2 protein chains.
Amino acid sequence: MRFGIIGAGTVGTTIGSKLVRLGHEVVIGSRPSGGGRAAAWVAEADDGAGEGTPAEAAAFGEVVVNCTPGAASLEALAAAGEENLAGKLLIDVANPLDFSAGSEPTLTVANDDSLGERIQRAFPATRVVKAFNTMNSEVMVDPSLVDGDHVIFVCGEDAEAKARVSDLLGEIGWPAERVLDLGGISAARATEALILLWLRLAALAGSYRFNFAIAPPAPDRG
Amino acid sequence: MRFGIIGAGTVGTTIGSKLVRLGHEVVIGSRPSGGGRAAAWVAEADDGAGEGTPAEAAAFGEVVVNCTPGAASLEALAAAGEENLAGKLLIDVANPLDFSAGSEPTLTVANDDSLGERIQRAFPATRVVKAFNTMNSEVMVDPSLVDGDHVIFVCGEDAEAKARVSDLLGEIGWPAERVLDLGGISAARATEALILLWLRLAALAGSYRFNFAIAPPAPDRG
């Protein structure tokens, strides 16, 4: 399948490399100001990797993946072009983190709205599925790095789009029973806010190699 | 030890009953408008259970536990009386949920502030520790109801106060390695927001008997 990835940072290139290794064609789109990271990625990646502008990447992809910093995502997707996103599945991986206030990061949108919802409202002809945004990029593409039945959350308005994301997650190595569908795109409020807890836990563990799990009822207790 | 619990709802009475069973003395404080739930609780509880006004409960407790609905907590604690809380450990169990907007609950405070911080600011002579607020009350007092290494989060400004809460959690049945200290009281932003995810997961599971766990690195992966 053809993927367009918007954003050439660690998240975009990590997901891009995994998709190429799985045999997909990937174009990473970034701005001229991106510092040449997409070109450096293409030089090191396997066959099937390309780069271009955000609009070229979006036009190339049957599926588009938003891997831009959340605070810049709406602008970046506007640059990618509404016409290049229309009718497509857009996987939104971004968290709207704002580090400008100093040591305590906050979210640029939270509680009664979310980045996922804002993207869905801004691109009504696009089927937005929020996914991958509650863990480190290394874990996103290799869940076996973390022990136990840890989970990945998806949400969005379109059931068929979510089913496609679940299939892709299966290809990456996420068993279906660990893909938790939280409902409509407003559930992005819950998963984006989880990054605040993730940041605290990463500081506590001194590591990014962990993930959230949901512990079930004890079988021997009524 | 003597505990004063503010709030006679399910959370307050569940924690109160557990503390009484552990041999502590507990006074649950509620308003005259509380519908007689505290009196009903005393009638069914073991020896050591009492009831009174919020101020009487707070004055009685060496430790005070805030089990009021989060949206009403500041008002309820003001009624309990700053002088009755001064110098004491206050365990804040509340989540500032607001269901008034309809089907999608939000928080009355979120992102760049939290209920835990507001309580700490309003009662600077009190040592506030946020705890218990990321699970159902049944699980709070009996972690064996849930399988696996699920966790409980604590945060607050005072290390000695957090150590006392960890000791209490150990008495209740929480092993020390599953009590995660997230740092200062501003970490309440992260744990209070987790209730949004908890509500989604409860709807998905059709059950309240679950909890969050943190999956560690896989031991066989470098």
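This is a predicted model: local features need pLDDT of at least 70, side-chain atom pairs count only at pLDDT 80 or more; totals for chains, interfaces and linings use all residues.
Trainee: Where does Leu180(B) sit, and what does it touch?

Mentor: Leu180(B) belongs to strand E10 of chain B. Leaving out residues up to four places away in sequence, Leu180(B) touches Val151(B) and Phe153(B) in chain B, along with Leu204(A) from chain A.

Trainee: Now for strand E10. How do I read the sheet of chain B, and which are its edge strands?

Mentor: Here is the general idea: strands of a sheet pair through backbone hydrogen bonds, either parallel or antiparallel. In chain B, 8 strands form an open sheet with mixed pairing, and their order is E3-E2-E1-E4-E5-E8-E9-E10. Strand E3 (49–52) and strand E10 (179–181) are the edges, each pairing on one side only. On average, neighbouring strands are turned by 25° against each other, direction ignored.

Trainee: Which way do strands E1 and E4 of chain B run, parallel or antiparallel?

Mentor: They run parallel, with 4 bridges joining strand E1 (residues 2–6) to strand E4 (residues 63–66). To find the pairing in the viewer, look for Ile5(B), which stands opposite Val65(B) in E4(B).

Trainee: What does the sheet of chain A look like, and which helix packs on it?

Mentor: Chain A has an open sheet of 8 strands in the order E3-E2-E1-E4-E5-E8-E9-E10, with mixed pairing. Its edge strands are E3 (49–52) and E10 (179–181). Helix H2 (residues 37–44) of chain A packs on this sheet, touching strand E2 (25–29) and E3. The direction of H2 makes about 165° with that of E3(A).

Trainee: What are the pairings of E4(A), and which way do its side chains point?

Mentor: Strand E1 (residues 2–6) of chain A is joined to E4(A) by 4 bridges and runs parallel to it; Gly4(A) has Val64(A) as its bridge partner there. E4(A) also pairs with strand E5 (residues 89–92) of chain A in the parallel sense, over 4 bridges, and Asn66(A) is partnered with Asp92(A). As for direction, Val63(A) and Val65(A) point one way from E4(A), while Val64(A) and Asn66(A) point the other way. All four of these residues are buried.

Trainee: Which residues have the most contacts inside the largest nonpolar core?

Mentor: They are Ile6(A) and Val65(A), in a core of 152 residues. Beyond its neighbours within four places in sequence, Ile6(A) is in contact with residues including Val64(A), Val65(A), Leu77(A) and Ala80(A).

Trainee: How many residues of each chain make up the contact between them?

Mentor: Chain A gives 40 residues and chain B gives 40 residues. On the chain A side, strand E7 (106–107), helix H9 (188–205) and strand E11 (211–215) each supply at least two residues, and H9(A) has the largest share, with 10 residues. By class, that side has 23 nonpolar, 10 polar and 7 charged residues.

Trainee: What rotation superposes chain A on chain B?

Mentor: A rotation of 180° with 0.0 Å of shift along its axis does so, with an RMSD of 0.0 Å. That is the relation of a two-fold axis. In chain A, the C-alpha nearest the axis belongs to Ala213(A), at 2.4 Å. The same surface serves both copies, as 100% of the contact residues of chain A recur in chain B.

How values were computed: Residues are numbered from 1 along each chain as its sequence is written. Chains are lettered from A and ligands numbered from 1 in the order in which they are written. Two strands pair if DSSP finds at least two bridges between them. Axes are lines fitted to C-alpha atoms, for helices over the stretch in contact, and angles run from 0 to 180 degrees between N-to-C directions. Two residues are in contact if their C-beta atoms, placed from the backbone, lie within 7 Å. Ala, Val, Leu, Ile, Met, Phe, Trp, Tyr, Cys and Pro count as nonpolar, Asp, Glu, Lys and Arg as charged, and the others, Gly among them, as polar. A nonpolar core is a set of buried Ala, Val, Leu, Ile, Met, Phe, Trp, Tyr and Cys residues joined through C-beta atoms within 7 Å. A residue is buried if 20 or more other C-beta atoms lie within 10 Å of its own, exposed if 12 or fewer, and partly exposed in between; C-beta atoms are placed from the backbone. Copies are superposed by least squares on the C-alpha atoms of residues with pLDDT of at least 70 in both.
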